[in-house]
Amino acid sequence: ATIGFAAPASADPPAPPTEGDDAGFLAALHQAGIGYASPDAAIAAGKAVCTCLNNGESGLELVHDVKTRNPGMDMEVASNFALISSKFYCPHHLSKA
């Protein structure tokens with residue numbers, strides 16, 4: 001099933017991070033079986049994960065936000081999406097787990 005991504009909410013979307021491997025990110029989503037309606041929307045949502053983490057959101061809060069904004073996801077898929085996003089766009093957060 002294809003899932004439409006909605007980026008986690010924020011008042012004003014910050015500029016996207018300059019780091020990251022968009023093609024690798026999309027390939028990792030595909031390999032994990034996570035579909036998306038638009039590559040650009042999936043990339044924006046992946047980068048928004050890092051924005052939330054940068055703003056101090058906990059891992060559990062983040063996974064809940066991803067699931068809430070993507071009703072087709074269960075907690076496991078939302079967690080995988082957040083993990084893949086962190087791996088490709090803000091790996092420094094992975095060491096804090």
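The protein chain in this predicted model contains 4 helices and 0 strands. Read from the N terminus on, its elements follow the order α-α-α-α. The chain has 97 residues, and 38% of them count as buried. Its accessible surface amounts to about 5,500 Å², and carbon and sulfur atoms account for 55% of that surface.

Five of its residues, G24, F25, L26, A28 and L29, are buried. What do these buried residues pack against? Their partners are α2, made of residues 39-54, and α4. Just after α1 comes G33, which takes a positive phi of about 80°.

The pairing of α1 with α4 (residues 75-89) can be taken next. The crossing of the two helices is right-handed. On the α1 side, the contact is made by D22, G24, F25, A28 and L29, while α4 brings F81, I84, S85, F88 and Y89. Sorted by class, this contact of α1 with α4 has 7 nonpolar, 2 polar and 1 charged residues.

Helix α1 also meets α2, with another geometry to describe. Here the axes come within 10 Å and cross at roughly 100°. An angle from 65 to 115 degrees counts as roughly perpendicular, and therefore α1 is roughly perpendicular to α2. Which residues meet at this crossing? From α1 there are D22, F25, L26 and L29, and from α2 there are P39, A42, I43, G46 and K47. The residues of the contact of α1 with α2 divide into 6 nonpolar, 1 polar and 2 charged.

The remaining pair to describe here is α2 with α4. Their axes lie 9 Å apart, and the helices pack at an angle of about 85°. That angle makes α2 roughly perpendicular to α4. Helix α2 takes part through A42, I43, A45, G46, K47, V49, C50 and L53, and α4 through F81, A82, S85, S86 and Y89. By class, the contact of α2 with α4 comprises 9 nonpolar, 3 polar and 1 charged residues.

Is L53 buried or exposed? With under 20% as the limit for buried, L53 counts as buried because its relative accessibility is 15%. Leaving aside residues up to four places away in sequence, L53 touches L62, S86, C90 and H93. L53 and A82 are 29 residues apart in sequence, and their C-alpha atoms are 10.0 Å apart in space.

Helix α2 is also the place of C52. This cysteine is buried, with a relative accessible area of 7%. From C52 to D65 there are 13 residues in sequence and 9.5 Å in space, C-alpha to C-alpha.

Beyond the helices, L94 lies in the segment after α4. How open is its position? L94 is partly exposed, with a relative accessible area of 34%. Not counting residues up to four places away in sequence, L94 touches L83, S86 and K87. For L94 and L83, which are 11 residues apart along the chain, the C-alpha atoms are separated by 8.0 Å.

Definitions and conventions
Residues are numbered from 1 along each chain as its sequence is written. This is a predicted model: local features need pLDDT of at least 70, side-chain atom pairs count only at pLDDT 80 or more; totals for chains, interfaces and linings use all residues. Side-chain values use heavy atoms; hydrogens and water are left out. A crossing is left-handed if the near helix is turned anticlockwise from the far one by less than a right angle, and right-handed if clockwise. Contact means heavy atoms within 4.5 Å. Ala, Val, Leu, Ile, Met, Phe, Trp, Tyr, Cys and Pro count as nonpolar, Asp, Glu, Lys and Arg as charged, and the others, Gly among them, as polar. Buried means under 20% relative accessible area, exposed over 50%, partly exposed in between (1.4 Å probe, protein chains only). Accessible areas come from the Shrake-Rupley method with a 1.4 Å probe; for residues, only the protein chains shown count as cover. Axes are lines fitted to C-alpha atoms, for helices over the stretch in contact, and angles run from 0 to 180 degrees between N-to-C directions. Angles under 35 degrees count as roughly parallel, over 145 as roughly antiparallel, 65 to 115 as roughly perpendicular and the rest as oblique.
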